[in-house]
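Please view the sequence and the model side by side while reading.

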Amino acid sequence: MARVIHVFRRPDRFVAGTVGEPGDRAFYLQAIESSRTISVLLEKQQVSVLAERITALLGEVSKRFGEENLAESTGDGPGSDTDPLAVPLEEEFRVGTMGLGWDSDSSSIVVELLAVTEEEIDESVVLDDTEEGPDALRVFLSPNAAKAFADRAEKVVSAGRAPCPLCAEPLDPEGHVCVRLNGYHDRNPVAEAEAE
């Protein structure tokens, strides 16, 4: 079957979001352009890494091209998007490999998300239009839109469960087995601190 590459050159919206309660959330990235919506499922860590890498790439682009030139080419850009994911939420695919680049022709950050596949991914299919390879979502973002995406993604990731003050692992409401206590105590250090 032929590879499908969903390309969004000027998305109205590209955001990270979740479905479910903290500790049991599913993470999605969603691209919307006109009446077309594509949603892909991925891991929390992938969202975090993508936000970090976009921020780092924006810093590198700013150093190379100068912030003034970058601002001129991007316009005002979108404000902070706090709306939930668009529904109905239909997963196109689960993300396996992610690619990130700079398109100097359009002055855009290019994000490419490739579907999980059982076969090993050849690096040459990332950010390429070859007919062989996994399905992909390719989104072009102005630097301002990329910054807005990264900011929201970081907030989405950090909106989960509070970290344990001893080991930084996420706390469940009933506590957890803390590795700093060698697993001997099933406790919630935050609840105990509040009780004192």
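Which backbone nitrogen does the side chain of glutamate 33 reach? The model shown is a predicted one. In it, the side chain of glutamate 33 comes to 2.8 Å from the backbone nitrogen of arginine 10. Glutamate 33 belongs to strand β3. Beyond its neighbours within four places in sequence, glutamate 33 touches Val7, Phe8, Arg9, Arg10, Pro11 and Asp12.

**The sheet**

Strand β3 is part of an open sheet of 7 strands, ordered β1-β7-β6-β5-β4-β3-β2, with mixed pairing. At the edges lie β1 (5-8) and β2 (13-19), each of which pairs on one side only. On average, neighbouring strands in this sheet are turned by 30° against each other, direction ignored.

Strands of a sheet are paired through backbone hydrogen bonds, in either a parallel or an antiparallel way.

| Strand pair | Direction | Bridges |
|---|---|---|
| β4 and β5 | parallel | 2 bridges |
| β5 and β6 | antiparallel | 8 bridges |
| β6 and β7 | antiparallel | 6 bridges |

Individual residues mark these pairings. Serine 39 stands opposite glutamate 91 of β5. Aspartate 103 has serine 108 in β6 as its bridge partner, and leucine 114 faces alanine 136 in β7. Strands β5 and β6 form a hairpin with 4 residues between them. In that turn, serine 107 has a positive phi of about 50°.

**Helices on the sheet**

Helix α1 (residues 44-65) packs on the sheet and touches β2, β3 (26-33), β4 (36-42), β5 (91-103) and β6. The direction of helix α1 makes about 15° with that of β5. Helix α3 (residues 143-158) lies across β2, β3, β5, β6 and β7. Its angle to β2 is about 5°.

**Valine 179**

Is valine 179 buried or exposed? Valine 179 counts as exposed because its relative accessible area is 60%, and the cut-off for exposed is over 50%. Valine 179 sits in the loop between β8 (176-177) and β9 (186-187). Its C-alpha lies 8.9 Å from that of glutamate 169, and the two residues are 10 residues apart in sequence.

Technical notes
Residues numbered from 1 in each chain as written. Predicted model: local features only at pLDDT ≥ 70, side-chain atom pairs only at ≥ 80, totals over all residues. Heavy atoms only, no water. Pairing = 2+ DSSP bridges. Axes fitted to C-alpha atoms, helices over the stretch in contact; angles between N-to-C directions. Contact = heavy atoms within 4.5 Å. Buried < 20%, exposed > 50% of the residue type's maximum accessible area, 1.4 Å probe, protein only. Polar contact = N/O pair within 3.5 Å; in protein donor to acceptor, adjacent residues only side chain to side chain.
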